[in-house]
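The following explanation is intended to be read alongside the sequence and the three-dimensional view. Please keep both at hand while reading.

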Amino acid sequence: MGSEVLLTLMIGALIVGILSGAHLAAVLGTVGVAFGVFGWGWHILPVFAIRVYDVMTNYLLIAVPLFVFMGFIISRSGMAEDLFAGTEILTRRLKGGLVVATILFGAIFAMCTGVVAASVITAGVLCLPSMMSRDYPAGVSLGAVGAGGTLGILIPPSVMLIFYASETGLSTGRLFAAAYIPGILLASIFIFYILIRFTFFEDHSKIANINQGMEARDGKSSEGWRALRAALPLFVLIFSVVGTIIFGIATPTEASAAGAFGAMAVAAAYRRLTWSMLKASAIETIETVGMIGFLIVGVLAFTSAFLGLGATSVVGNMILGISGEPIIILLTMLAILFVLGMLLDWIPILYITLPVFIPIVEQMGWDPLWFALLVVVCLQTSWLTPPFGFALFFLRGIAPPGVSYFDIVKGCFPFMLCQLLGLALLILFPQIILFLPNLVMPQ
């Protein structure tokens, strides 16, 4: 049986498994082992084991649980509440100010943890009740929580960027530096959309009531500024940790360890470091990293078989054969990522597509750093796309009663369009990505 037929059947089996509702890691592992044994025989099983062992012994990936732990410490210590209170004070006079504060909170909290789930859930728990209590539309409120939370996949210390560096050999520091301006760009587009919407398209009487409610709180401004000052050590910690990576002072693993220790030290300084909080943060970290590890085992089984059956040449030739125009080839690759993002988590998408895409990138002569950020931003968009956009399910879990899944999708849709606009700008103007890493870490 030809490679093309086997690869087609393999992808079909994967789609059927996903639609069956089975656990994604189990589907990937089962399909990978079944087609690997059928195509290569039983001697492919040691290949699976070797690939898993390579990931287990990858020094760079030690940074993942440490950054996740740092994020949970910050979230559970109350520093996140201080951060939101500060952003709320800064934006209180704007129409749609609480929604803007939610986006700002999501962008800043993304620097604390590279895990989207933690960002979305924390933003939902802290920001959503305030918006709902002041009659903000449920759709835009949930959309802002989702959009702000998904910035955690992009803004350093992004776990996805660490995995991307591990898989491709790119410098983690340069990837982190390249992600900052795109992250600020996307957050700015979100905020601009919110300001336009609440200035021209929302019920002005309701907006007036909201603003009056905010004006009534002006007597409590000092409390907000105290909260902002309380969050200042958090900013120092974040920029110190990421800065040491970008400027080559420390490796990501060393910086993540320092960040985890620093988060505990800041929590202790504010007398918020308790045994129960530390224990809960450690358990959540183990659960998160365990889920990632289980998924990686399954995806490595799948990709070992997928690539072993000739996917690199078959799929690569198909993409290159679509057109001779580089922009068409690029858009085709991004479209594949976008569609896969509707069905899969980002971890299997990276492991499946990068071995196929990287040779094409090299053949086309594109800057690998530029392409890397296009991939990350495209996959960030996938968190908000139905039917299996993971941020949509997180939002469904924290949505107020009476809000349907369709309402959440409808609320997130404008923010997804904003993300696509940001992606288009990054394609048209590569220096948005390349300026900062070329400035601070020239090759």
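The model is predicted, so local features require pLDDT of at least 70 and side-chain atom pairs count only at pLDDT 80 or more, while totals for chains, interfaces and linings use all residues. Residues are numbered from 1 along each chain as its sequence is written, and side-chain values use heavy atoms, with hydrogens and water left out.

Two packed helices are described by the angle between their axes and the distance between the axes. Helices here are DSSP runs (H or I, at least four residues), numbered from the N terminus. The axes of helix α10 (residues 172-200) and helix α21 (residues 431-440) approach within 7 Å and cross at roughly 140°. Axes are lines fitted to C-alpha atoms, for helices over the stretch in contact, and angles run from 0 to 180 degrees between N-to-C directions. The two helices are therefore oblique to each other; angles under 35 degrees count as roughly parallel, over 145 as roughly antiparallel, 65 to 115 as roughly perpendicular and the rest as oblique.

Contact means heavy atoms within 4.5 Å. On the α10 side, the contact residues include Arg-174, Tyr-180, Ile-181 and Leu-185; on the α21 side, they include Ile-432, Phe-435, Leu-436 and Asn-438.

Helix α5 (residues 79-90) has 12 residues and spans 17 Å from its first C-alpha to its last, close to the 16 Å expected at 1.5 Å a residue. That expected span is 1.5 Å times one less than the number of residues. Of the 12 residues of α5, 9 are buried, so the helix is largely enclosed by the rest of the structure. Among them are Met-79, Asp-82, Phe-84 and Glu-88. Buried means under 20% relative accessible area, exposed over 50%, and partly exposed in between (1.4 Å probe, protein chains only).

Most residues other than glycine have a negative phi, and most peptide bonds are trans. A cis peptide bond, with omega about 5°, joins Pro-156 and Pro-157, and Pro-157 lies in the loop between α8 (138-150) and α9 (159-168).

Asp-135, although not a glycine, has a positive phi of about 65°. Asp-135 sits in the loop between α7 (116-133) and α8 and counts as partly exposed at 48% relative accessibility. Arg-271, also not a glycine, has a positive phi of about 60°. Arg-271 is found in the loop between α13 (252-269) and α14 (275-308) and is exposed, with a relative accessible area of 79%.
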